Amino acid sequence: MKCVTCKGPAVIDIRRHNANFCVDHFFELCRRQVMKAIDDHSMIAKGEKVLVAVSGGKDSLAVWDLLLDLGYEADGLYIGLGIGEYSDTSGDHARAFATERGLTLLEVDVPGRFGYDIPSGSRAARRAPCSACGLSKRHLFDEAAIQGGYDVLVTGHNLDDEAAVLFGNTLHWQTDFLGRQHPVLPARDGFPRKVKPLVRLTERETAAYCVLRGIDYLVDECPMAAGNKHISYKLALNDIEKMSPGAKHSFYFGFLDRAAALFEPEAEADREELHPCASCGAPTTAETCAFCRLVDRAGGEVPHDDQPSAVPVVLGTTRAGAKQ
Ligand code: SF4
Ligand SMILES: [Zn+2]
Ligand SMILES: [Zn+2]
């Protein structure tokens, strides 16, 4: 197996590009794909203040590493969700990455600050764990980006993630979600700009990138993921991709090019109803936002700092590498 560029020994084959790559040219490919995503969708301008949502897994550490390599200055944000040993280990990986490179990692500890963890909080709030978790993360990402004065919030969603979400939204014709499924959500109505620079790379490629770069990421799946439909959509798309290399790419980018605009008016109509949450000030369509309602029902499930959730709370901030 030879590298398509230099004819040296290849370490990875990428069937949708019909090519093999050596280590250096694979890194170059990853950087090129991230740059193209950033340029094509005007994700980040040079000099902007960037915050990367970091879970300790391969995608978030790969995107942080790639952005730094491309010359962006980026801090990390880690949310402790209280999912037992999984959260302990994921936090260790995020902190080790930041400390080894002298980077700034902000931290928010959900049990310590709000008095619930994902397993007990989702039961108390009668929500599926991934629903309570996704809601908590989205709210806390937005809050950290706005309070920290960041221009843009980066997440590690890759092509497999986006194709699987599109598959689910299309299966159920969730047209309002389809109208919002874009690799860039602009800053507006109190939300920060959110971008997904890994949309041109697959999960297999971000894992290979981390292994070849020596990035120590958390390999274990979240124990709450069992039964998650998103995972079954990914597996179904993997089967299709095996028979038809490039299918995920053409499904997702074909949607962006040819169909996404059709659904935008519906998403826009939803946005017009937004106003500040009476409790925390975050944008919402109800009197209080879904996150405040979750905290009302789930808070108190575990011991916490007794900080009032109704006012913006200063983030627990860890400067990695500095004394805490
Ligand atoms: S699998 Fe579900 S509960 Fe676990 S981190 Fe992901 S969204 Fe949260
Ligand atoms: Zn090469
Ligand atoms: Zn609120």
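Which helix gives the most to the shell around ligand 1? Helix 6 (residues 129-147) does, with 4 residues. This is a predicted model, in which local features need pLDDT of at least 70, side-chain atom pairs count only at pLDDT 80 or more, and totals for chains, interfaces and linings use all residues. Residues are numbered from 1 along each chain as its sequence is written, and chains are lettered from A and ligands numbered from 1 in the order in which they are written.

**Ligand 1**
- The residues around ligand 1 are I118, P129, C130, C133, G134, C222, M224, A225 and N228, each with its C-beta atom, placed from the backbone, within 6 Å of the ligand.
- By class, this shell holds 7 nonpolar, 2 polar and no charged residues; Ala, Val, Leu, Ile, Met, Phe, Trp, Tyr, Cys and Pro count as nonpolar, Asp, Glu, Lys and Arg as charged, and the others, Gly among them, as polar.

**Helix 13**
- Helices are DSSP runs (H or I, at least four residues), numbered from the N terminus.
- In helix 13 (residues 290-298), A290, F291, C292, L294, V295 and A298 are buried, with 20 or more other C-beta atoms within 10 Å of their own, C-beta atoms being placed from the backbone.
- These buried residues pack against helix 4 (110-114), helix 5 (118-124) and helix 6; contact requires C-beta atoms, placed from the backbone, within 7 Å.
- After helix 13 comes G300, with a positive phi near 100°.

Notes: Helix = DSSP H or I, 4+ residues; strand = E, 2+ residues; numbered from the N terminus. Buried ≥ 20, exposed ≤ 12 C-beta atoms within 10 Å, placed from the backbone. Contact = placed C-beta atoms within 7 Å.
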